[in-house]
Amino acid sequence: MTTITVCATKGGVGKTTVTANLGGYLADHGAKVLIIDADVQPTLSSYYGLNGPPASHGLTHLIQSASTEEAISHTGISGLDLIYSDDPEGELQHWIARTPDGRFRIRRALESIQNDYDFILIDTQGAVGGLQDAAIIAADLLVSPITPEMLSAREFLRGTVQMLERLGDLQYLGFERPPLIGVLNRMDKTRDAKDIASQIRELAAAHPELEIRIAETAIPATVAYRKAASIQMPVHRIETSRSGPTLSALETMQRLIKNLGIEITLPTREDKA
Ligand SMILES: Nc1ncnc2c1ncn2[C@@H]1O[C@H](COP(=O)(O)OP(=O)(O)OP(=O)(O)O)[C@@H](O)[C@H]1O
Ligand SMILES: [Mg+2]
């Protein structure tokens, strides 16, 4: 089982979009996948429709009882399960802060289901805090979307360093910070976007101690992502061929999976057919 946490210190950069579509892609290719909505605003929770009634519990139970029991809902995408967010008042942040092992609760809960899933993907909110820490501590790999505006490029490095420094003291508890892969998202074809993309790559290369890598493949800005969300479908199902030089969503997901070093060794649905 591989746990991937999608995090960023900025809002609106595509965390939920990336989580939902990576999850949908992996599930469509035969993997057993669980997506966890660890954002107070439950966008991921309703991204795909549910197959059957929702589980009686969600994120609050996962964290407070360090257990996934009765907290797993099934989405309409075969092979894709969900733990929904149920903390509209943001009380979990406070609960985690005043609970000595609060930040380790997601990690502990997931240990009990490591044989049930190939991948667990956790979506987070774009703000530092105990909940984001808990999601990062549970991860084997961090994926951080970056949009190529200047502000975002600077914020990316400053914010990411800050976000990871919060976890620095945890090394004394035997915890190792997972590596982080930045993924450029919503890339348009302007020169500006390209320049900023290479600036981010250079910045990351200049700080090898941070273990930050920028994925080779960038996710282009296309209407398919919004369209896919509105019809509750993984984007690779609806955009399967290129328009001009722009990568299709299917190709983008295929390449991104490779960039992230993810192996899907299971037979795909096409192979089975
Ligand atoms: N590659 C893309 N091309 C076009 N639109 C995109 C792309 N990626 C994301 N979007 C759109 O950008 C908006 C923000 O994306 P998303 O909700 O995934 O960001 P987020 O980081 O999860 O935001 P928040 O911080 O509010 O949780 C959405 O409307 C989404 O459809
Ligand atoms: Mg989101």
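Modeller: Of the contacts in the chain with a separation of 6 or more, 77% join residues 24 or more positions apart. Keep in mind that this is a predicted model.

Biologist: What makes two residues a contact here?

Modeller: Their C-beta atoms must lie within 7 Å. Take leucine 121. Leaving aside residues up to four places away in sequence, leucine 121 touches Ile4, Val6, Thr19, Leu22, Gly23, Val33 and Ile35.

Biologist: How do you know whether the chain agrees with a compact globule?

Modeller: For 273 residues, a compact globule would come out near 19 Å. The chain has 18 Å, so the two agree. Along the principal axes, the C-alpha atoms fill a box of roughly 50 × 45 × 35 Å. The chain holds eleven helices and nine strands.

Biologist: How much of the chain counts as buried?

Modeller: The figure is 45% of the 273 residues. A residue needs 20 or more other C-beta atoms within 10 Å to qualify.

Biologist: Which residues of the largest nonpolar core touch the most other members?

Modeller: They are Val33, Ile35, Ile83, Leu121, Ile122, Ala135 and Val183, in a core of 72 residues. Helix 1, residues 15-28, gives this core its largest share, six residues. In soluble globular proteins, nonpolar side chains tend to be buried together.

Biologist: What makes helix 1 "mostly covered"?

Modeller: Count its buried residues: 14 of 14. From first C-alpha to last, helix 1 reaches 20 Å, close to the 20 Å expected at 1.5 Å a residue. Just after helix 1 comes glycine 30, with a positive phi of about 95°.

Biologist: Which value sets alanine 66 apart as a residue other than glycine?

Modeller: Its phi is positive, near 50°. Most residues other than glycine have a negative phi. Alanine 66 sits in the loop between helix 2 (59-64) and strand 3 (73-74).

Biologist: Why is alanine 66 called partly exposed?

Modeller: Alanine 66 has 18 C-beta neighbours inside 10 Å. Buried takes 20 or more, and exposed takes 12 or fewer. The count of 18 lies in between, so alanine 66 is partly exposed.

Biologist: And arginine 186: why does this residue count as buried or exposed?

Modeller: Buried, because arginine 186 has 21 C-beta neighbours inside 10 Å, and the cut-off is 20. Arginine 186 lies in strand 7, residues 180-187. Its phi is positive too, about 60°, although arginine 186 is not a glycine.

Technical notes: Residues numbered from 1 in each chain as written. Chains lettered and ligands numbered in written order. Predicted model: local features only at pLDDT ≥ 70, side-chain atom pairs only at ≥ 80, totals over all residues. Helix = DSSP H or I, 4+ residues; strand = E, 2+ residues; numbered from the N terminus. Rg over C-alpha atoms; globule rule 2.2 N^0.38 Å. Core = buried A, V, L, I, M, F, W, Y, C linked by C-beta atoms within 7 Å. Expected span 1.5 Å × (residues − 1).
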